[in-house]
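Hi,

Here is the structure I promised to pass on.

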Amino acid sequence: MKQTMITIALVFLLTGCSFVSIQPNKDKTDSKTEKISTATKKISEHDHNAYYNSPQVTDDSTLQKVGQSVTDEKGEATLKAIKPINSVYHLGDIEFTIKEIKLLHYRPDYSLIDYYHPLTEAEEFDFIKISADIKNKSKETRNFAPVALFETNTGIKMDWKQDMYLEHLNGEIEGNQVKRGSLGFIVDTAESKKIEWIKILTSDVFNEKQERLEEAQKIQLHF
């Protein structure tokens with residue numbers, strides 16, 4: 001039922017929403033004890049730089065300079081652009097932090113073709129990776145999706161269902177819990193024109209009774 005309600009909410013957001021740039025809120029210190037999500041990640045709550053190693057996407061954590069590449073059993077990734085963000089957005093009890101964004105060129109291993117086929121027919125492609133933290137500062141469960149809609153200056157538009165990482169950052173987040181992970185959106189083939197900015201729209205924030213507590217936020221990020 002909870003997943004149905006948040007899905008309905010996202011569908012409403014798809015009808016007629018226009019993006020605008022907003023200014024991020026400043027980070028605030030919170031003395032509450034936080035629980036790191038262990039459903040998809042097993043990391044220390046004090047390791048704020050650790051991210052889940054996706055089973056479908058090559059680990060690009062070592063790529064910090066444009067032109068660098070890394071290859072593993074999942075494929076080959078090459079860094080085309082990187083921008084540290086470290087901006088915090090507050091939606092009531094939800095604290096949404098965007099750590100960095102990357103533009104990567106990716107050639108997945110042949111064994112993963114079936115996984116990527118619903119998203120693209122290309123054998124290699126560019127994608128945007130968004131590294132993020134989501135904190136629920138309430139003691140009660142909340143429902144939230146960090147990226148409900150995604151857009152670029154090249155005309156690419158897609159919704160949360162086209163996230164290639166599938167790290168369960170959408171949906172229910174328990175009280176005092178932290179979810180940490182990545183979202184990825186395929187933006188074009190190798191011949192795509194230059195990505196200069198992306199725009200995202202979060203979902204609204206809901207409680208366990210499916211009541212809307214906070215409205216969605218619209219965010220624009222530049223490379």
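Contacts first: among those in the chain with a separation of 6 or more, 69% are between residues 24 or more positions apart (contact means heavy atoms within 4.5 Å). Before you read on, note that this is a predicted model, where local features need pLDDT of at least 70, side-chain atom pairs count only at pLDDT 80 or more, and totals for chains, interfaces and linings use all residues. Residues are numbered from 1 along each chain as its sequence is written, and side-chain values use heavy atoms, with hydrogens and water left out.

The overall picture: the chain has two helices and 14 strands (DSSP runs numbered from the N terminus, H or I of at least four residues for helices and E of at least two for strands). Of its 223 residues, 52% count as buried (under 20% relative accessible area; exposed is over 50%, partly exposed in between, with a 1.4 Å probe and protein chains only). The accessible surface is about 11400 Å², and carbon and sulfur atoms hold 48% of that (Shrake-Rupley method, 1.4 Å probe; for residues, only the protein chains shown count as cover).

Now the hairpins. S2 (residues 69-72) and S3 run antiparallel and are joined by four bridges (two strands pair if DSSP finds at least two bridges between them). A two-residue hairpin connects S2 to S3, and aspartate 72 sits opposite glycine 75 of S3. S3 then pairs with S4, again antiparallel, over 14 bridges. Leucine 91 faces isoleucine 94 in S4, and the turn between S3 and S4 has two residues, with glycine 92 showing a positive phi of about 65°.

There is also an open, antiparallel sheet of four strands, ordered S9-S6-S12-S13. S9 (171-173) and S13 (212-214) are the edge strands with a single partner each, so one side of each has no neighbour in the sheet. From one strand to the next the twist averages 40° (axes are lines fitted to C-alpha atoms, for helices over the stretch in contact, and angles run from 0 to 180 degrees between N-to-C directions). Within this sheet, S6 (residues 142-144) and S9 are linked by three bridges, and phenylalanine 144 has glycine 171 as its bridge partner in S9.

On to the packing. The largest nonpolar core has 28 residues, and Phe96, Ile98, Ile130 and Phe150 touch the most other members (a core is a set of buried Ala, Val, Leu, Ile, Met, Phe, Trp, Tyr and Cys residues joined through side-chain atoms within 4.5 Å). S4 contributes the most to this core, with five residues. Leaving out residues up to four places away in sequence, phenylalanine 150 touches, among others, Ile128, Ile130, Met158, Phe185 and Ile200. A second, separate core has 14 residues, including Val57, Ala77, Phe125 and Tyr165.

A few single residues to look up:

- Threonine 154 is in the loop between S7 (149-152) and S8 (157-159). Its side chain makes a polar contact with that of threonine 152 at 2.6 Å (a pair of N or O atoms within 3.5 Å; within protein, one must be able to donate a hydrogen and the other to accept it, and residues adjacent in sequence count only if both atoms are side-chain atoms).
- Lysine 135 is in S5 and counts as buried because its relative accessibility is 18%.
- Tryptophan 160 is in the loop between S8 and S9, and at 17% relative accessibility tryptophan 160 counts as buried.

Cheers
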